[in-house]
Amino acid sequence: MKYEIDMKLPSLNDYIRVCRCNKYQAAKFKTDIEREIGFYLMKMPKWNNPIKIHFTWIEGNKRRDLDNVCFAKKFILDAMVRFGKLKDDNRKCVTAFTDTFEYGSTTKAILEIEEVE
């Protein structure tokens with residue numbers, strides 16, 4: 001199944017910058033991002049069996065390093081747990097993930113989820 005998160009997610013550098021300023025602000029930042037991601041997860045079913053996820057990261061330009069871009073999977077997986085789409089994001093529930101990167105007119109993430117039995 002395929003799901004799209006049509007927003008520019010924060011990079012690792014963005015998150016580190018907030019963490020260095022104020023730990024309480026960093027917690028609020030993470031909560032706010034997860035809430036925004038939750039909007040895109042509404043149509044997603046609850047996954048009871050383990051899953052594999054392929055992330056396609058589409059960037060509007062080549063300014064951000066790839067490792068900083070795919071850090072956003074932390075926010076996505078935590079949001080999936082927070083909104084009841086996954087029981088947990090540990091190795092029993094998420095058995096694998098892969099990343100590919102593309103460039104386009106908008107910045108977004110596409111998740112292709114495969115249930116593993």
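Two strands count as paired here if DSSP finds at least two bridges between them. Keep that in mind for what follows, and remember that this is a predicted model.

**The sheet**

Start with β2 and strand β3 (residues 94–103), which pair in the parallel sense over nine bridges. One spot to look at is Ile53, whose bridge partner in β3 is Phe97. β2 also pairs with β4, this time in the antiparallel sense and over eight bridges. There, Ile51 stands opposite Glu115 of β4. β2 is mostly covered, too, with seven of its nine residues buried.

β4 has another partner in β1: the two run antiparallel and are joined by four bridges. Tyr3 has Leu111 in β4 as its bridge partner. Put together, the four strands make an open sheet in the order β1-β4-β2-β3, with mixed pairing. β1 and β3 stand at the edges with a single partner strand each, so one side of each is left without a neighbour in the sheet. On average, neighbouring strands of this sheet are turned by 20 degrees against each other, direction ignored.

Helix α4 packs on this sheet and touches β1, β2, β3 and β4. The direction of α4 makes about 135 degrees with that of β2.

**The core**

What sits in the largest nonpolar core? It has 27 residues, and those with the most contacts inside it are Leu9, Ile37, Trp57, Ile76, Met80, Leu111 and Ile113. The elements giving two or more residues to this core are β1, α2, β2 (51–59), α3 (66–70), α4 (73–82) and β4. Of these, α4 gives the most, with five residues.

Leaving aside its neighbours within four places in sequence, Ile37 is in contact with Ile5, Met7, Leu9, Phe75, Ile76 and Ala79.

**The charged pairs**

A search of the whole structure turns up ten salt bridges.

| Residue pair | Distance |
|---|---|
| Glu4 and Lys108 | 3.3 Å |
| Asp32 and Arg35 | 3.2 Å |
| Arg64 and Glu59 | 2.8 Å |

Glu4 is partly exposed, at a relative accessible area of 38%.

Are Arg64 and Glu59 buried or exposed? Both are buried, and their side chains form a salt bridge with each other.

Finally, there is a network. Salt bridges link Lys30, Glu34, Lys74, Asp78 and Arg82.

Notes:
Residues are numbered from 1 along each chain as its sequence is written. This is a predicted model: local features need pLDDT of at least 70, side-chain atom pairs count only at pLDDT 80 or more; totals for chains, interfaces and linings use all residues. Side-chain values use heavy atoms; hydrogens and water are left out. A salt bridge is a side-chain nitrogen of Lys or Arg within 4 Å of a carboxyl oxygen of Asp or Glu. Buried means under 20% relative accessible area, exposed over 50%, partly exposed in between (1.4 Å probe, protein chains only). A nonpolar core is a set of buried Ala, Val, Leu, Ile, Met, Phe, Trp, Tyr and Cys residues joined through side-chain atoms within 4.5 Å. Contact means heavy atoms within 4.5 Å. Axes are lines fitted to C-alpha atoms, for helices over the stretch in contact, and angles run from 0 to 180 degrees between N-to-C directions.
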